[in-house]
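Open the model in your viewer and keep the selection panel at hand.

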Amino acid sequence: MSKLLIPIKSCIVKLEGYTGLGEIISTKAVDSEKFEAHIRWFTGNGPEWVSIDKLKSGFQLGMEVQDVPRSRSRNSLGEGTVLESRTIGGRDQVLVEFSESGQRIWIPFQNLRFIKGVRHRFEAGQFGKNGNAESFRLKTLAYALEMWNENTGALSKLDIDPLPHQIHLVHHILKSGNLNWLIADDVGLGKTIEVGMLLSALRQRRSFRRILLITPAGLVKQWKEEMHHKFGLSDFLIYGLDFTINDVRDWKHYDCVIGSLDLLKTAPHFDKLMQADYWDIIVFDEAHRLSRAQYGLTYSASERFRLAAQLRKRTDSILLLSATPHQGKQDKFQALLEIIRPEWRNHIETLSLNPELLREMVIRNHKSDVTDAKGEFIFRGKITKAVEVPLGQEEKDFDAILQRYLTEGYAAGRITKGASGRAIGFVMTIYRKLAASSIAAIEKALIRRLHKLKRQAEQAVFVQISEEEVDERFFGEWEEAFSVDSEKEFFDGELQLLKEVIERAQALLMVDRKIRIFIDQLIESVLHNSPDEKILVFSEYRGTQDYVATALRERFGFESVVLIHGGMNHKERAQAIEKFEEASQFLISTEAGGEGINLQRHCHIMVNFDLPWNPMRLVQRVGRLYRYGQMKPVVVFNVHAPQTLDAEIMTLMYQRIQQVVKDMAILGGDFRDGLEDEILGEIADLLEVEDILERATKSGINHTIEDIKEAVDKARNAVEKQRELFEYFAGYDPNETKDEIKLSQDHLRAFVQGMMRELNIELIQTRHQDSVWDLRIPEQLREHLNMGAKQRLSVTFSRELAVRRSEYQMMDFDSPLLRYMLYTAKSYDFDGLTAKIAGLPGQAIVTAILRWQNDQGARMRQEYIAALVYSDPAREAETNPRELISWLLQPLTETPAILINRETAKELRKKAYEAFDRRLSVISNADLHPESRQMINAAWIYPQIL
């Protein structure tokens with residue numbers, strides 16, 4: 001009994017010693033050890049019962065079959081084509097090439113079911129049930145949606161609506177067949193989002209399992225959060241925080257890893273990492289930190305660069321991310337290119353002679369070119385206004401005595417050796433920043449220092465500065481909390497001077513003109529013209545945030561203000577944003593709280609209560625409003641008091657930057673606003689502002705002006721050299737996908753609606769302007785979805801709603817309901833393989849999946865294609881006609897009968913295959929080689945009668 005294999009229904013068999021073939025209709029048990037099969041012979045003889053031990057395989061070369069596994073715990077291998085037969089160990093087996101996986105596997109013939117494939121049905125004019133038009137449409141949508149998502153990641157689980165340039169970048173990389181690129185998008189265009197979309201698309205292929213992300217130490221948590229919250233890639237763990245490796249064998253438990261660049265470059269972590277298994281893909285963020293300089297014929301490589309170079313040997317795919325990859329240093333830029341394509345080293349060394357090579361390695365999108373899905377520029381204009389605070393005697397007195405304290409502190413830091421001296425200087429810099437932010441913030445910090453000194457401890461203890469380990473989003477709040485654990489004076493007389501500084505600070509708090517002008521003039525003026533206007537206020541520090549919040553609440557009520565800061569988790573931030581958008585009028589955010597929030601749909605006014613010392617922070621703040629979906633010009637108010645020393649220096653700095661940016665943003669005599677923002681981000685990223693400000697305390701304002709000019713000019717030169725290369729980078733090309741079937745959320749919605757009818761899912765009601773559908777799920781389907789006793793399901797196509805309301809299931813490719821719908825529509829039993837349809841030109845339409853592989857046979861790309869064919873012998877088939885995109889959106893009704901001529905059908909099918917081969921040839925390159933073409937479905941078009 002255990003040796004007996006019972007053939008399945010529709011298995012093709014023959015009797016030993018005979019050539020006649022038959023199809024099994026059913027099987028039955030005669031007794032415990034004997035089974036018979038009821039066979040319909042193709043020779044025309046009536047069905048008869050035959051003992052199964054007399055049956056042999058009847059499958060012939062070219063027959064189309066379906067694998068039906070005997071175990072319910074195994075998935076079917078799908079449909080395929082018979083290539084060969086053999087008898088081994090007394091058993092008949094069939095070699096089948098399975099189209100979807102590309103595998104060739106020997107299968108017991110008893111497990112195979114004979115099916116009539118698309119080609120056979122099309123040429124024979126067989127339409128299936130009722131003409132099959134709607135099933136044809138839904139099957140077409142299922143494959144097209146799945147392939148579009150695989151090639152762009154645009155329909156995966158995303159907490160964002162991807163923009164055209166982001167979709168294009170992922171598509172461009174995947175289409176190239178080469179996964180070694182430098183992504184050099186302009187600041188603020190979403191490189192993290194692009195990587196998340198790319199990884200989502202690669203994970204769909206199931207061949208990309210092991211992923212390593214290496215980032216600056218301060219960004220490891222941010223990457224983990226974004227991969228989880230925005231892309232549903234929740235398997236990532238942080239090396240050194242979430243796990244450690246004690247035994248090399250432990251690496252097998254960690255396939256998705258995020259690691260700190262500066263941690264992994266050092267022993268013993270470097271050695272442990274090099275013993276991990278090969279990675280399917282490695283990503284380096286902020287790749288310009290990988291530094292290798294050339295001196296004549298020798299190289300000086302940093303530990304960071306050596307880490308990347310060694311890891312390059314342990315993966316076939318590597319991505320480097322940097323908005324400023326060149327930085328005016330050709331040798332360092334070429335070093336990055338060598339990491340991407342080490343086999344092209346000789347060509348890279350002569351890059352100036354052949355800069356076109358960059359198109360194969362670097363891709364960059366420009367802020368000035370970015371549009372939304374409708375082709376409209378995203379950046380609609382920005383107005384920046386300065387709100388100057390005139391200083392009274394109280395402000396001048398405070399600034400004078402604070403400068404005395406800072407001068408003494410810096411001097412003490414310079415004469416104190418080692419980490420202790422650096423810590424003192426660092427504290428002085430923090431105090432300067434706090435004072436520039438608000439009188440409340442600096443007063444709190446000085447009081448904390450006073451309390452520490454009053455303890456009069458004999459021994460001074462200094463903390464080690466570890467700035468590089470701080471998440472960049474939290475840097476301001478970390479600075480504010482930083483202290484030197486010293487109860488000994490930094491310098492003689494510090495305690496007495498500190499008391500005087502605090503006394504002046506408290507006197508200034510009573511008359512603080514900055515907060516008064518902010519409330520009485522700025523806020524009141526905005527609300528006078530628009531009482532319901534929502535306003536976003538930014539500050540670098542929590543002390544300032546609390547100070548501003550108290551002032552606003554006293555004037556406009558407690559509930560008018562909500563806060564977000566680095567001490568809040570993702571859920572708390574989401575709740576605060578929701579309250580701001582629905583009820584409150586003011587949102588006050590720190591840098592840490594503001595990272596990743598997008599408020600463009602409800603707010604267009606922003607106030608910088610303090611100007612950050614790092615100009616890049618200002619660019620990032622504005623990016624919370626100045627982005628896709630903002631329908632109004634963004635208005636930015638900068639509040640500052642230019643008469644203090646530090647404020648004067650910052651004003652000079654920003655003025656110099658703005659002048660240089662304006663000069664560089666003029667092309668052909670025309671000023672381009674979008675280009676100005678792009679260049680500002682590049683220059684801001686290259687400036688070391690804090691160094692200039694620290695030197696200002698020693699050198700005075702005149703020398704500082706020269707420092708500013710030198711620093712900005714140096715940044716300008718670096719940006720100009722960098723931008724000279726940009727013209728050779730690959731970039732956004734809307735025509736790149738013009739020959740493909742490009743789908744949208746509308747197509748996804750149309751597919752779901754159609755499958756609801758097929759699966760008898762009832763639409764009870766719609767809510768939130770048709771964004772949420774309440775569904776009643778049939779009992780049989782509830783079992784497949786593991787819903788238990790629950791009968792209803794609320795689904796949404798709005799990513800924004802799905803994020804806010806966990807009870808709404810997002811209809812993306814991680815939705816169990818959508819996955820079931822796709823599986824059902826693609827199945828052989830769903831039909832839709834052939835049909836008669838109307839509404840398109842031509843005589844017939846034939847669809848297929850085209851596949852490409854690399855030079856070692858690994859599949860690299862799949863693409864869904866439709867060929868519209870005509871009976872005119874001189875007319876070639878038209879691939880992916882535009883009419884098809886809109887045609888797929890509407891449900892289909894059945895058409896009258898169509899007479900099919902078999903010879904004409906063969907000719908049209910041949911034309912479609914010629915079109916498929918042209919596409920295979922066009923896409924092929926040194927990294928992509930044609931693998932296969934799989935016919936998916938085909939339809940005859942009414943009213944043509946052939």
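**Second largest cavity**

Start with α2, which supplies four residues, the largest share, to the lining of the second largest cavity. The model you are looking at is predicted.

Now pick out the lining itself. Select A144, M147, W148 and N151, then E740, I741, E863 and Y864; these residues line the second largest cavity. Colour them by class: five are nonpolar, one is polar and two are charged.

**Largest cavity**

Clear the selection and move on. How many cavities of 30 Å³ or more does the structure hold? There are four. The largest has about 440 Å³ of space.

Which residues lie nearest the centre of the largest cavity? Select A435, A436, K514, A641 and T644 and centre the view on them. They belong to a lining of 26 residues.

- α11, residues 393–415
- α12, residues 418–437
- α16, residues 513–529
- β25, residues 634–640
- α21, residues 645–664

Highlight α11 among them: with five residues, α11 gives the most to the lining of the largest cavity.

Finish by colouring this lining by class. Expect 13 nonpolar, five polar and eight charged residues around the largest cavity.

Notes: Residues are numbered from 1 along each chain as its sequence is written. This is a predicted model: local features need pLDDT of at least 70, side-chain atom pairs count only at pLDDT 80 or more; totals for chains, interfaces and linings use all residues. Side-chain values use heavy atoms; hydrogens and water are left out. On a 1 Å grid over the protein atoms alone, a cavity is a set of points where a 1.4 Å probe fits but cannot get out, and a pocket is an open set with protein on both sides within 12 Å along at least five of seven lines; lining residues have an atom within 4 Å of a point. Grid points are joined across faces, edges and corners, and a volume is the space filled by probe spheres set on the points. Helices (H or I, at least four residues) and strands (E, at least two) are DSSP runs, numbered from the N terminus. Ala, Val, Leu, Ile, Met, Phe, Trp, Tyr, Cys and Pro count as nonpolar, Asp, Glu, Lys and Arg as charged, and the others, Gly among them, as polar.
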